[in-house]
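My notes follow in the order I took them.

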Amino acid sequence: EEALRSVANKFLAKVSLKSDEIRSALAEAAVHVHISMVETCERFYKNLRRRVYTTPKSYLDMIQMYMVLLGERRQDVSE
């Protein structure tokens, strides 16, 4: 979990946020979502015997997608 948190904080450091508290909360949310997804993939396999994979790249993509979406929403609000 600490490694996931560290990666999230590194990427989110590039984003202008009101406080470090918000940045920390976002990093925690990203970790929670990723871990929940891994657990859900395991339950899916146990129930249906079908594998669904989540990878470190999936985690990075999720953080990047958040950053892009945040930028788009900020632009919408400023218009």
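Is histidine 34 buried or exposed? I looked up its relative accessibility, which is 12%, so histidine 34 counts as buried. The cut-offs I used are under 20% relative accessible area for buried, over 50% for exposed and partly exposed in between, with a 1.4 Å probe and protein chains only.

Entry on sources. I am working from a predicted model, in which local features need pLDDT of at least 70 and side-chain atom pairs count only at pLDDT 80 or more, while totals for chains, interfaces and linings use all residues. I number residues from 1 along each chain as its sequence is written, and side-chain values use heavy atoms, with hydrogens and water left out.

Entry on histidine 34. I find histidine 34 in helix α2. I take helices as DSSP runs (H or I, at least four residues), numbered from the N terminus. Setting aside neighbours within four places in sequence, I list Leu4, Thr54, Thr55 and Tyr59 as the contacts of histidine 34. Contact here means heavy atoms within 4.5 Å.

Entry on α2. I checked its length: 29 residues at 1.5 Å a residue should span 42 Å, and the end C-alpha atoms are 42 Å apart, which agrees. The expected span is 1.5 Å times one less than the number of residues. I noted Arg23, Ala27, Ala30, Val31, His34 and Cys41 as buried in α2. Their cover includes α1 and α3 (56-78). After α2 comes arginine 49, with a positive phi near 55°.

Entry on arginine 23. Arginine 23 also lies in helix α2. I read 14% relative accessibility, so arginine 23 counts as buried. Leaving aside neighbours within four places in sequence, arginine 23 contacts Asn9, Leu12, Ala13, Val15 and Leu17.

Entry on α1 against α2. I have α1 at residues 2-12 and α2 at residues 20-48, packed at about 130° with axes 9 Å apart. That angle makes α1 oblique to α2. The axes are lines fitted to C-alpha atoms, for helices over the stretch in contact, and the angles run from 0 to 180 degrees between N-to-C directions. Under 35 degrees is roughly parallel, over 145 roughly antiparallel, 65 to 115 roughly perpendicular, and the rest oblique. I recorded the crossing of α1 and α2 as right-handed, meaning that the near helix is turned clockwise from the far one by less than a right angle. On the α1 side I list Leu4, Arg5, Ala8, Asn9 and Leu12; the α2 residues they meet include Arg23, Leu26 and His34. By class, this contact of α1 with α2 has 8 nonpolar, 3 polar and 3 charged residues. Nonpolar covers Ala, Val, Leu, Ile, Met, Phe, Trp, Tyr, Cys and Pro, charged covers Asp, Glu, Lys and Arg, and the others, Gly among them, are polar.

Entry on α2 against α3. I get axes that come within 11 Å and cross at roughly 135°. α2 and α3 are therefore oblique to each other. Their crossing is right-handed. I list Leu26, Ala30, Val31, Val33 and His34 in α2 against Tyr59, Met62, Ile63 and Tyr66 in α3. The residues of this contact divide into 8 nonpolar, 1 polar and no charged.

Entry on α3. I noted Tyr59, Ile63, Met67 and Leu70 as its buried residues.

Entry on lysine 18. Lysine 18 sits in the loop between α1 and α2. I read 81% relative accessibility, so lysine 18 counts as exposed.

How values were computed
Helix = DSSP H or I, 4+ residues; strand = E, 2+ residues; numbered from the N terminus.
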